[in-house]
Amino acid sequence: MTIHQNLIAGEWVGADGVKNINPSNTNDVIGEYARASVEDTKAAIAAAKAAFPAWSRSGILERHAILRKTADEILARKDELGRLLSREEGKTLAEGIGETVRAGQIFDFFAGETLRLAGETLPSVRPNIGVEITREAVGVVGIITPWNFPIAIPAWKIAPALCYGNTVVFKPAELVPGCSWAIVDILHRAGLPKGVLNLVMGKGSVVGQTMLDSPDVNAITFTGSTGTGKRVAVASVEHNRKYQLEMGGKNPFVVLDDADLNVAVEAAVNSAFFSTGQRCTASSRVIVTEGIHDRFVAAVGERLKSIVVDDALKAGTHIGPVVDESQLKQDTDYIEIGQKEGAKLAFGGELLKCETPGFYLSPALFTEATNDMRISREEIFGPVAAVIRVKDYEEALAVANDTPFGLSSGIATTSLKHATHFKRNAEAGMVMVNLPTAGVDFHVPFGGRKGSSFGSREQGKYANEFYTTVKTAYTLA
Ligand code: NDP
């Protein structure tokens, strides 16, 4: 089996390979991917540092052409790359292709942004002096990504980094190197100069840690767990570098008595269980007012009967497998914890046997949960959700906000008054009305508050806050 190598200083290197396994069929080996060492990572950082002066001053048309070409190829290969994504991560083929299209759209968006980086000019408070405010690239950007969006998250970090003239050292999650390798290959062939984008696949404790420890990495953008995020923060403070963190969530979805029942059920089931619940924006706390509670729970139960959990690549599958064995154990541990805490496992939560050996779990819905239980406070990151019964809107809002996290928050209601109040008062970076808590556009800001995020927003034009630094120049006329 040929090894997919790392890209360091424009050369494909690395011999030692790790197998990438399909969670829908553990007999299916997708490929072997090189594992970078500490020395490889240091070489990648040095290459990015050396490439920075020329790339940061490169013409915007060159950057535009490379990003546009990358977008075109990703979109042209959406079925093949979407299939690779589903095969390595386990989300359904439709979700895999959808995520791939989104990655193409992100590259297309930032191709356009290369031509739109505006500054400001202002008169000085002193006579005959002009003031120009411009944005410049930050330097070497370290990119560390998780396994749950193997193409979209790398795209929404790599595209703006390159767009604004930064060079990159990119470390994807070891569990899903396939899509990352594919987009780096596309960017490389699109004509990126040597050293501008370096791929270092491998272990977080080796590759990621070397990036954190390097004084030559000028900024780090990280998406992943809260624990690793804290390490990124501490190391970045130590090196006085810019950093951006997108971490966990415990997103609430509120259902009010006046909700349209079908809208509420569809949004809640999508939020909690699609993509196997492995989305940072998934909702695992469904907060339901007492007038609609029993009807809502019964309707969700009915809806779950029609959900098919199976091989991600099979036509007709709605929910694929959990990503790997350790994540599956985490999910089943929480199902046990929920029961011990006194919540009632109303539906699902069973290990399933499908045609192929994989990590299959039926969507688990708890009822009679309270907001102080561990299943309501800690991120599970699987197809496990809990319904919390509340008296009225005021209690629903208080429970929704009673969490250390603040990424996404949703409500199902037909009341303009409650929707408007919720949008203003939900303590979250993103608020959804009559929509699932997950599922966002690629051209507007993404991110959270409280324990979910740190630093400026990702995506859309707001991305320039992280990937550029501001310069103020004064000129005597
Ligand atoms: P992890 O934090 O375990 O891993 C994220 C990345 O960090 C991986 O590439 C990992 O490498 C790397 N890493 C691990 N240890 C270190 C280290 N010491 N130094 C530097 N890098 C390191 O998260 P998961 O991949 O398990 O992702 C799941 C988590 O991510 C969930 O908690 C989820 O909520 C969160 N998430 C948040 C999102 C958001 O936008 N808010 C979006 C998606 C996920 P490796 O795994 O290869 O060893």
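**Note on the ligand site**

1. The ligand sits in the largest pocket, a pocket being, on a 1 Å grid over the protein atoms alone, an open set of points with protein on both sides within 12 Å along at least five of seven lines, and sitting there requires that more than half of the ligand's atoms lie within 2 Å of its grid points. This is a predicted model, in which local features need pLDDT of at least 70 and side-chain atom pairs count only at pLDDT 80 or more, while totals for chains, interfaces and linings use all residues. Residues are numbered from 1 along each chain as its sequence is written, and side-chain values use heavy atoms, with hydrogens and water left out.

2. Around the ligand there are 30 residues, of which Thr145, Glu174, Ser225, Met247 and Glu379 come nearest; a residue is near if one of its heavy atoms lies within 4 Å. The shell comprises 13 nonpolar, eleven polar and six charged residues, with Gly counted as polar.

3. An N or O atom of the Glu379 side chain is 2.6 Å from a ligand oxygen, one of Lys171 is 2.9 Å from a ligand oxygen, and one of Gln209 is 2.9 Å from a ligand nitrogen. The protein buries 87% of the 900 Å² that the ligand exposes when taken alone, by the Shrake-Rupley method with a 1.4 Å probe.

4. Domain 1 (3-247 + 442-476) and domain 2 (251-433) each give at least three residues to the shell, the bounds coming from an automatic or database domain assignment. Helix H7 (204-213), strand S11 (219-223) and helix H8 (226-238) are the elements giving two or more residues, and H7 provides the largest share, four; helices (H or I, at least four residues) and strands (E, at least two) are DSSP runs, numbered from the N terminus.

Note on methods: A polar contact is a pair of N or O atoms within 3.5 Å; within protein, one must be able to donate a hydrogen and the other to accept it, and residues adjacent in sequence count only if both atoms are side-chain atoms. On a 1 Å grid over the protein atoms alone, a cavity is a set of points where a 1.4 Å probe fits but cannot get out, and a pocket is an open set with protein on both sides within 12 Å along at least five of seven lines; lining residues have an atom within 4 Å of a point.
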